[in-house]
Amino acid sequence: MSMKRLICYADIETAHQQGENYLIINEETIVTPLAKDLMEEYQFQIRKESQSSDNKLDEEDLGLSFSKESLIALLRKVLTEGNTSTNYFEADTHKNGLKVVKGDTVKLSKFETANDKDQVFYQELVGKKEMPVNAGMLEITESTFDLDLTENEINYVVSGSLTFIIDGTKYHAKAGDTIYMPNHSKITWCVKDHVKLFYVTGPTK
């Protein structure tokens, strides 16, 4: 019995951040409604895969859709989360757009860094379909990694502490602190223990 492939909102967002704009699907692929909306917003191209006897993608198909690395990450995600709900949190909403996210229902997803051992997890709670910025939760445990920002970013430290290194200078932030990071910043994030942050990202005007 073959396992169906699940494509969710977070998968499309991750693929878009990695510069992908092409997706291969087949009859066994399940694409969630939110993922379809995001694919339309990002103008993703779709190609239907023909069902071969082995159900394998050839090298040409891999080159036209996800990179091998992102495809492996996607398959790992499907295997680990394929039997869970596609809803990453519960929220009450009003027709005018007001939204109340139930914090104790939020499920975080792995944020990929250069090191697979990094423990970095996030969940977008408000996206650009609702307003001009993204906002969500970020949790990091005992990890050090580099990020090149492509948007302006604000982080509010909910609990714990962390250190940022930019141009060789260290900056420390603890619970209650707010950090602003300008677009195009190259920053090293260092977390010795555990930190929980609320983030907001938005484009430069």
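1. Basis. This is a predicted model, with residues numbered from 1 along each chain as its sequence is written. Local features need pLDDT of at least 70, side-chain atom pairs count only at pLDDT 80 or more, totals for chains, interfaces and linings use all residues, and side-chain values use heavy atoms, leaving out hydrogens and water.

2. Overall confidence. The protein averages a pLDDT (the predictor's confidence in each residue, from 0 to 100) of 76. At least 70 is reached by 77% of the residues. Strand β11 (residues 169-174) has the highest mean, 94. Helix α3 (residues 59-64) has the lowest, 44. Helices (H or I, at least four residues) and strands (E, at least two) are DSSP runs, numbered from the N terminus.

3. Where pLDDT is low, the predicted coordinates should not be read in detail.

4. Helix α1. This helix spans residues 9-17. Its buried residues (under 20% relative accessible area, 1.4 Å probe, protein chains only) include Y9, I12 and E13. G19 follows α1, with a positive phi near 85°.

5. Packing on α2. The axes of α1 and α2 (residues 33-41) lie 7 Å apart, at about 25°. Axes are lines fitted to C-alpha atoms over the stretch in contact, and angles run from 0 to 180 degrees between N-to-C directions. The pair is therefore roughly parallel (under 35 degrees).

6. Who touches whom. Y9, I12 and E13 of α1 meet L34, A35, L38 and M39 of α2. By class, the contact has 6 nonpolar residues (Ala, Val, Leu, Ile, Met, Phe, Trp, Tyr, Cys and Pro), 1 charged (Asp, Glu, Lys and Arg count) and no polar (the others, Gly among them).

How values were computed: Buried means under 20% relative accessible area, exposed over 50%, partly exposed in between (1.4 Å probe, protein chains only). Angles under 35 degrees count as roughly parallel, over 145 as roughly antiparallel, 65 to 115 as roughly perpendicular and the rest as oblique. Contact means heavy atoms within 4.5 Å.
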